[in-house]
Amino acid sequence: MATTSTNKQPLLVDRVFHEIVDTNTATNDGLDPSSNNSAALLLNCIGSDGAVIEYLYCIARSAVSHELNLYLSTNNDYLRRTESFYIGSITSATNIKDVTEMVLPKTLTPVPHVGTSDPKNTALYVPANKALWVARDGSTDISDAPLVGAQGGYF
């Protein structure tokens with residue numbers, strides 16, 4: 001069979017993951033990473049072929065809403081301002097145990113068209129040699145900050 005642009009293999013993952021981090025001490029004051037941030041590493045794809053996240057969420061542990069910022073970085077030891085960039089935020093709920101799902105971007109993968117809706121897959125792609133970090137907007141540690149989780153698969 002001749003090779004054409006239509007002979008594409010489906011997106012296959014090598015192994016699945018479900019990672020959860022506590023943001024009690026994962027802080028950053030403002031949107032841009034500061035020099036004294038304590039962001040938490042959520043997903044490490046440094047030295048791997050990358051990953052796809054199909055579900056990104058936070059679980060509230062207090063009645064106070066918190067803004068959680070997400071960053072992609074080329075480092076997995078510390079979130080550096082010059083080697084990272086902001087990719088989005090998720091705001092926790094104000095009811096304890098409520099789960100807030102982050103709206104992920106639509107993908108270009110084809111899906112069967114069923115019904116009258118416009119079906120689209122959504123996912124967040126973490127490229128090879130990048131790390132996904134999360135930091136709660138603020139500068140003080142607390143004991144009841146939200147949990148942030150990601151579910152998907154490594155390539």
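I began with strand 9, residues 131-137, and found it mostly covered, with six of its seven residues buried. A note to myself before going on: this is a predicted model.

**Entry 1: the partners of strand 9**

Which strands pair with strand 9, and in which sense? I looked up strand 2 (residues 27-28) and saw that it pairs with strand 9 in the parallel sense, over two bridges. Here Asn28 stands opposite Asp137 of strand 9.

Next I turned to strand 3 (residues 40-44), which pairs with strand 9 in the antiparallel sense over four bridges. Leu43 stands opposite Leu132 in this strand 9.

Then I checked strand 5 (residues 67-73), which runs antiparallel to strand 9 and is joined to it by six bridges. For Ser73, I noted Ala131 as the bridge partner in strand 9.

**Entry 2: Asn37**

I moved on to the loop between strand 2 and strand 3, where Asn37 is found. Is Asn37 buried or exposed? I put it down as buried, because its relative accessible area is 5% and the cut-off for buried is under 20%.

What does its side chain reach? I found the backbone oxygen of Ser34 at 2.8 Å from the side chain of Asn37. I also found the backbone oxygen of Leu79 lying 2.9 Å from a polar atom of that side chain. Leaving aside neighbours within four places in sequence, I listed Thr27, Asn28, Tyr78 and Leu79 as the residues in contact with Asn37.

**Entry 3: salt bridges**

How many salt bridges does the structure hold? I wrote down four, and looked up some of them. A reminder for me: side chains of opposite charge can pair when their charged atoms come close.

Arg15 forms a salt bridge with Asp14, with the closest N and O atoms 3.5 Å apart. I noted Arg15 as partly exposed at 43% relative accessibility, while Asp14 is exposed with a relative accessible area of 57%.

Arg61 forms a salt bridge with Asp22, where the closest N and O atoms are 2.9 Å apart. This pair links distant parts of the chain, 39 residues apart: Arg61 is in the loop between strand 4 and strand 5, and Asp22 is in strand 1. I read 28% relative accessibility for Arg61, so it counts as partly exposed. Asp22, at 36%, counts as partly exposed too.

Arg81 counts as exposed at 52% relative accessibility, whereas Asp32 counts as partly exposed at 43%.

Terms used. Residues are numbered from 1 along each chain as its sequence is written. This is a predicted model: local features need pLDDT of at least 70, side-chain atom pairs count only at pLDDT 80 or more; totals for chains, interfaces and linings use all residues. Side-chain values use heavy atoms; hydrogens and water are left out. Buried means under 20% relative accessible area, exposed over 50%, partly exposed in between (1.4 Å probe, protein chains only). Two strands pair if DSSP finds at least two bridges between them. A polar contact is a pair of N or O atoms within 3.5 Å; within protein, one must be able to donate a hydrogen and the other to accept it, and residues adjacent in sequence count only if both atoms are side-chain atoms. Contact means heavy atoms within 4.5 Å. A salt bridge is a side-chain nitrogen of Lys or Arg within 4 Å of a carboxyl oxygen of Asp or Glu.
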